[in-house]
Amino acid sequence: MTNTFLELSFSRMVEKVSDYAIFLTDRSGVIQTWNPAAEAMKGFSEDEAIGQHLGILYTDEDKRRNHPEHNLEDAAKQGTFQESAWRKRKDGSLFWALVELIAIRNDSGELEGFCKVTRDLTNLKQLQDNLAAEKERAELTLSAIADGVISLDEVGAVEYVNYQAQCLTGWSQEDAKGLRIEQIFNAVQLNGFGAEDDGSGRTETRDTTSRAMRVLRARDGNQHIIEMRRSEIPGKEGQPSGSVIVFHDVSERRRMEEALRDADRRKDEFLAMLAHELRNPLAPVSAAAELLALGKLEAGPAKKASQVIIRQVKHMSALVDDLLDVSRVSRGQITLDMAPIDMKLVVNAAIEQVRPLIESRQHTLTITLAPPKAHVKGDEKRLIQVVANLLNNAAKYTPPGGTISVEMSVTAGDVCIVVMDNGIGIDPATQEVVFELFEQVQRTSDRTLGGLGIGLALVRSLIKLHNGTVKCHSEGLGRGSRFIACIPSLAPDEVVPDRRSVDRLVELPVANPNLSILLADDNIDAAEMMQFFLSTMGHQVSLAHTATQALEMFKSFAPDVCILDIGLPDSSGYDLATNIRKISSMQPVLVALTGFGTRRDRDKATQVGFDHYFVKPADLDALSEVLAAVSPRSVRH
């Protein structure tokens with residue numbers, strides 16, 4: 001081939017190329033040739049382009065920084081210059097170009113000019129930008145979700161680790177990329193949780209589309225219970241192109257589930273114990289009632305049967321009161337009557353309460369009280385309840401003939417009470433839970449020791465309300481127990497009332513005879529027994545079983561006292577009290593007698609006009625005291 005033919009063939013090829021703008025410049029960059037593709041791509045005709053400096057194709061920013069000249073210099077030095085950058089068309093629009101600038105030299109090596117080849121890659125650039133944006137959005141999404149995500153290639157090498165997976169495994173994206181999954185994801189069967197690593201490296205990451213529970217051992221040695229799933233990423237022709245592992249930490253959920261199961265277990269045990277505790281007093285009550293019903297008992301046996309019933313009813317009432325106390329404390333609905341008190345008086349009162357149980361079990365009780373000043377600011381009734389509960393526990397869980405001691409000490413800032421016994425003791429493993437609600441760490445098979453597992457929970461709650469602490473210690477089963485309750489001592493400048501004993505209820509008053517009483521209760525047995533009791537005291541009692549009947553009876557005579565149940569069948573006792581207040585010119589004394597005992601119920605009763613509030617079974621001594629203070633209408637003016 002002749003040179004002329006080759007030059008002609010090359011010229012024709014350049015003219016026919018449609019995807020590449022190809023043109024020549026002189027040594028200074030002035031355009032000498034211009035192919036049709038250049039005109040189509042850049043918008044300049046051949047006449048407009050030839051004779052112009054190639055700088056017309058650069059952006060204004062590129063021209064300000066002399067980028068065209070630098071490109072020529074680089075091409076002259078290196079023989080060629082390549083870049084991907086924005087270029088400008090005649091109409092000012094920009095396109096993304098792949099550019100190559102080639103230095104042309106003669107046989108002597110002298111620079112003759114340059115050949116510039118340009119390809120428009122705007123569509124490819126847009127596609128790449130879209131893919132990059134989508135990748136960024138995907139990575140941001142994966143980083144934001146709570147699940148750990150690890151993607152692998154077809155041979156199991158790590159490609160991507162999201163933020164949550166980095167936190168759980170301890171491996172960063174940079175450190176993990178390219179490693180085998182087994183190196184960063186050490187997940188073993190759940191039954192190995194908590195066991196020492198045997199170094200076997202048996203990692204469970206095989207493909208599974210169903211969720212599996214595993215233990216993940218992190219890079220720093222920490223362990224997490226995880227729920228995981230591994231799925232294949234489909235590729236061409238149905239062949240997997242990799243896989244993805246999705247997992248999340250369920251350690252806290254597992255702990256909560258275990259806590260719920262434990263709470264459910266304790267609830268079942270509590271209900272069984274509650275049934276036992278309620279049946280125990282019901283048996284003697286039932287037997288005594290049956291004997292009284294025969295009507296053949298002389299005065300002595302009849303009195304004894306009545307005393308059995310009274311004693312067991314008080315026991316059941318105390319049981320319900322404890323349950324209500326725990327409920328109120330747990331909901332923050334208990335109010336303390338705080339006042340300066342001497343803890344020695346509190347201990348003495350608590351001992352008096354528990355003394356019958358201590359004596360019945362033939363225990364030896366030793367008492368060591370503190371120096372003269374053992375003063376705190378607290379609720380006297382609740383603190384007696386605390387000490388009595390601790391003593392009651394010691395008496396119940398110490399075999400007959402045991403030893404119980406009560407010690408009091410005054411240390412810097414605290415008054416501490418220590419209750420010790422040589423009873424059945426507590427397993428050290430369970431000492432942390434003895435103060436939990438419904439928890440009983442030791443039981444006999446026949447449940448003869450009783451208890452609902454609420455006493456110590458109540459102790460802890462009441463002590464906390466006094467800003468104090470309570471703890472227990474035992475050397476183990478059969479080695480006794482030691483409970484220590486401490487309460488902040490009183491400030492030196494606060495005065496404590498001078499008292500020798502805890503306040504007692506006054507002696508029962510003598511009832512005013514001839515009080516006219518309206519009694520409304522839909523429980524016929526309860527109503528008739530209350531009527532019998534009040535009548536025995538010398539009062540005139542009219543009985544109603546509905547609110548409508550009670551209101552009609554009230555209109556027919558003017559009672560001195562109305563004792564009203566709240567849960568009447570046709571209308572509430574609140575409404576009945578409101579109606580009585582509306583129609584009465586001489587207001588009677590209104591007494592609520594109900595099974596509802598919450599603070600809200602009491603507040604509502606006060607709002608509608610009740611003067612007194614009693615929770616069933618009523619304290620008959622206290623009710624007698626209320627009635628003794630009422631003057632009959634015949635002497636009221």
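A residue is called buried when its relative accessible area is under 20%, exposed when over 50% and partly exposed in between, using a 1.4 Å probe and protein chains only. By this criterion, 41% of the 637 residues of the chain are buried. The model is predicted, and local features need pLDDT of at least 70, side-chain atom pairs count only at pLDDT 80 or more, and totals for chains, interfaces and linings use all residues. Residues are numbered from 1 along each chain as its sequence is written, and side-chain values use heavy atoms, with hydrogens and water left out.

The chain holds 19 helices and 22 strands, taken as DSSP runs (H or I, at least four residues, for helices; E, at least two, for strands) numbered from the N terminus. Contact denotes heavy atoms within 4.5 Å. Of the contacts in the chain between residues at least 6 apart in sequence, 58% join residues at least 24 apart.

We turn next to the interior. A nonpolar core is a set of buried Ala, Val, Leu, Ile, Met, Phe, Trp, Tyr and Cys residues joined through side-chain atoms within 4.5 Å. The largest such core has 39 residues, of which M343, L390, L391 and I417 touch the most other members. Helix 13 (380-396) and strand 15 (414-421) are among the elements that each supply at least two residues of this core, and helix 13 gives the largest share, nine residues. Beyond its neighbours within four places in sequence, L391 contacts A350, I351, V354, I404, V406 and V419. A second, separate core of 22 residues includes A520, A544, A547 and Y613.

H466 lies in the loop between helix 14 (455-465) and strand 16 (469-473), and is buried, with a relative accessible area of 3%.
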